[in-house]
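Welcome, and please load the model in your viewer. We will go from stop to stop, selecting residues as we go.

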Amino acid sequence: MAVDLFAGVPVEDYTAALSWYERLFGAPPVFLPNDTEAVWELGEHRYVYIEHRPGRAGNALHTLFVDDLDARVAGITERGLTPAVRETYANGVRKVTYEDRDGNRIGFGGAPL
């Protein structure tokens with residue numbers, strides 16, 4: 001069974017969020033299904049999208065486990081975003097979390113050093 005994942009992020013200010021997520025993901029969206037949504041493809045069949053939903057903004061919690069955590073965080077920093085939280089779990093797994101202006105949290109996890 002084939003499965004495509006679309007993880008949604010409700011936002012208050014679509015224009016501001018579009019700019020912020022372009023810096024977070026390092027590219028413009030791969031497509032705009034309408035004038036209230038923008039979609040980024042993070043991997044084959046794996047998408048994150050923002051949607052203008054003022055009454056629901058700020059409730060997303062997503063974690064993306066990547067094999068290049070340090071390089072990913074360095075690139076995001078170069079694009080002007082600063083992590084809200086950095087964690088290292090007891091097993092050595094690391095997680096760096098970014099928070100948009102609505103309070104949505106997108107984390108990037110990586111294997112122990």
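(Buried means under 20% relative accessible area, exposed over 50%, and partly exposed in between, with a 1.4 Å probe and protein chains only.) You are looking at a predicted model, in which local features need pLDDT of at least 70 and side-chain atom pairs count only at pLDDT 80 or more, while totals for chains, interfaces and linings use all residues. Residues are numbered from 1 along each chain as its sequence is written, and side-chain values use heavy atoms, with hydrogens and water left out.

G8 belongs to strand 1. Helices (H or I, at least four residues) and strands (E, at least two) are DSSP runs, numbered from the N terminus. Which residues does G8 touch, not counting residues up to four places away in sequence? They are Y49, A60 and H62, where contact means heavy atoms within 4.5 Å.

Stay in strand 1 (residues 5–11) and pick F6. F6 has 40% relative accessibility and counts as partly exposed. Show V30 and F31 as well: together with F6 they form a nonpolar patch on the surface, with about 260 Å² of accessible area. Patches are made of residues with over 30% relative accessible area and no salt bridge; like charges are joined within 9 Å, and nonpolar side chains (Val, Leu, Ile, Met, Phe, Trp, Tyr) within 5 Å. The areas come from the Shrake-Rupley method with a 1.4 Å probe, and for residues only the protein chains shown count as cover.

## Stop two: the rings

How many aromatic pairs does a search of the whole structure find? The search gives seven. Rings of Phe, Tyr and Trp (its six-membered ring) pair if their centres lie within 6.5 Å; planes under 30 degrees apart count as stacked, over 60 as edge-to-face and the rest as tilted.

Select W20 and Y21, an edge-to-face pair with 4.7 Å from centre to centre and 75° between the planes. Both W20 and Y21 are buried. Next, bring in W40: the ring centres of Y21 and W40 are 6.2 Å apart and their planes are at 40°, so this pair is tilted. The pair links distant parts of the chain, with Y21 in helix 1 (residues 14–25) and W40 in strand 3 (residues 37–43), 19 residues apart. The relative accessible area of Y21 is 0%, and W40 is buried at 3%.

## Stop three: an asparagine in a loop

Move on to N104, in the loop between strand 7 (94–99) and strand 8 (105–110). Is N104 buried or exposed? N104 is buried, with a relative accessible area of 0%. A polar atom of its side chain lies 3.3 Å from the backbone nitrogen of G58, and a polar atom of the N104 side chain lies 2.9 Å from the backbone nitrogen of A60. Leaving aside neighbours within four places in sequence, N104 is in contact with residues including V9, P10, Y21 and Y98.

## Stop four: charged pairs

Side chains of opposite charge can pair when their charged atoms come close. With a salt bridge taken as a side-chain nitrogen of Lys or Arg within 4 Å of a carboxyl oxygen of Asp or Glu, the count comes to three.

- D70 and R94: the closest N and O atoms are 2.8 Å apart. D70 lies in helix 2 (residues 69–78) and R94 in strand 7, so the pair ties together parts that are 24 residues apart in sequence. D70 is partly exposed at 48%, whereas R94 is buried at 14%.
- R72 and D68: these side chains meet at 3.3 Å, N to O. R72 is partly exposed at 31%, and D68 is partly exposed at 29%.
- E99 and R105: the N to O distance is 2.8 Å. E99 is partly exposed at 35%, and R105 is partly exposed at 29%.

## Last stop: a backbone angle

Most residues other than glycine have a negative phi. Finally, select H45, which has a positive phi of about 65° although it is not a glycine. H45 sits in the loop between strand 3 and strand 4 (46–52), and counts as partly exposed at 36% relative accessibility.

Methods. Polar contact = N/O pair within 3.5 Å; in protein donor to acceptor, adjacent residues only side chain to side chain.
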